[in-house]
Every structure is written in structure tokens, then in C-alpha cells.
Amino acid sequence: MIQTEKEYKAIRNRIETLLENPDNIENTDATDYIELNLLSDLVADYEERTYPISKPNLAEVIKLRMAEMGLNQKRLSELLGVSTSRISEYLNGKSEPPLRVARQISLKMGIDASIVLGV
């Protein structure tokens, strides 16, 4: 188990060295393949403990999906059947969408229901 940032950086450097040889990635019989996989697991465990990824909030996800779909607030309000001021409130975190609108966000924007409902 990696305990310190110094150990983490040293192991990451070793992984980079091991990745320079394609055999270490593809040849399951190679000693370095085993070392690479063990070190990668140690780094992954350390990163999960030290740098946890928080769940995105609904406003962030809606903004991202709007960009992906090429939508502005006006077009999103039309898509969801709510006012542009209400969309602004959702995007600024001033209010949460009611269940009816949350359902439309999930269905029409393709956002997982667990994110929309915050569970």
C-alpha cells in the first residue's frame, strides 16, 4: 500500500518506464507485465483514497450536456417546457427541478436519473 506522495511519485515514474516496452503491456508471461499490473493497482488504490472524485452536481451536468447538444438556455427551456428564468435557476443552483421536469431532463437530455435526482 502506498503511504506517501513521495512513494506515489516514485511508483508512477516506474510505471512510466515499464510502459515504454510494449511487451510489458501485452505479454502476460513477462515479469515486468506482472510488476506493471501490481504497481498500477497500488497507484489506483492510492488515487482513490487521496484524490476522490466527487459526484457532479446537476447544474454542471446540464451545462455539459447543453454544450454537447448545442443548446442555449432558451432552446433548453423550450425542450423541457419551462421558462428560461427557471432554467437559469437550475443552472445557478438556486432551485431544484420538480419531479416532472427532472424526468424530462433525464429523458430528453440523456442524463442518468440518479444524477438528476441526486442519489
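Reader: Which residue does Arg 86 form a salt bridge with?
Author: A salt bridge here is a side-chain nitrogen of Lys or Arg within 4 Å of a carboxyl oxygen of Asp or Glu. For Arg 86 the closest N and O atoms of the pair are 2.8 Å apart, and the partner is Glu 89.

Reader: What am I looking at, and how are things counted?
Author: It's a predicted model, where local features need pLDDT of at least 70, side-chain atom pairs count only at pLDDT 80 or more, and totals for chains, interfaces and linings use all residues. Residues are numbered from 1 along each chain as its sequence is written, and side-chain values use heavy atoms, with hydrogens and water left out.

Reader: Which helix do Arg 86 and Glu 89 both lie in?
Author: Helices are DSSP runs (H or I, at least four residues), numbered from the N terminus. The two residues sit three apart, about one turn, in helix α6 (residues 84-91).

Reader: Is Arg 86 buried, exposed or partly exposed?
Author: Buried means under 20% relative accessible area and exposed over 50%, with partly exposed in between (1.4 Å probe, protein chains only). Arg 86 comes in at 37%, so the label is partly exposed.

Reader: What is the radius of gyration of the chain?
Author: Taken over C-alpha atoms, the globule rule is 2.2 Å times the number of residues to the power 0.38. A compact globule of 119 residues would be near 14 Å, but the chain has 22 Å.
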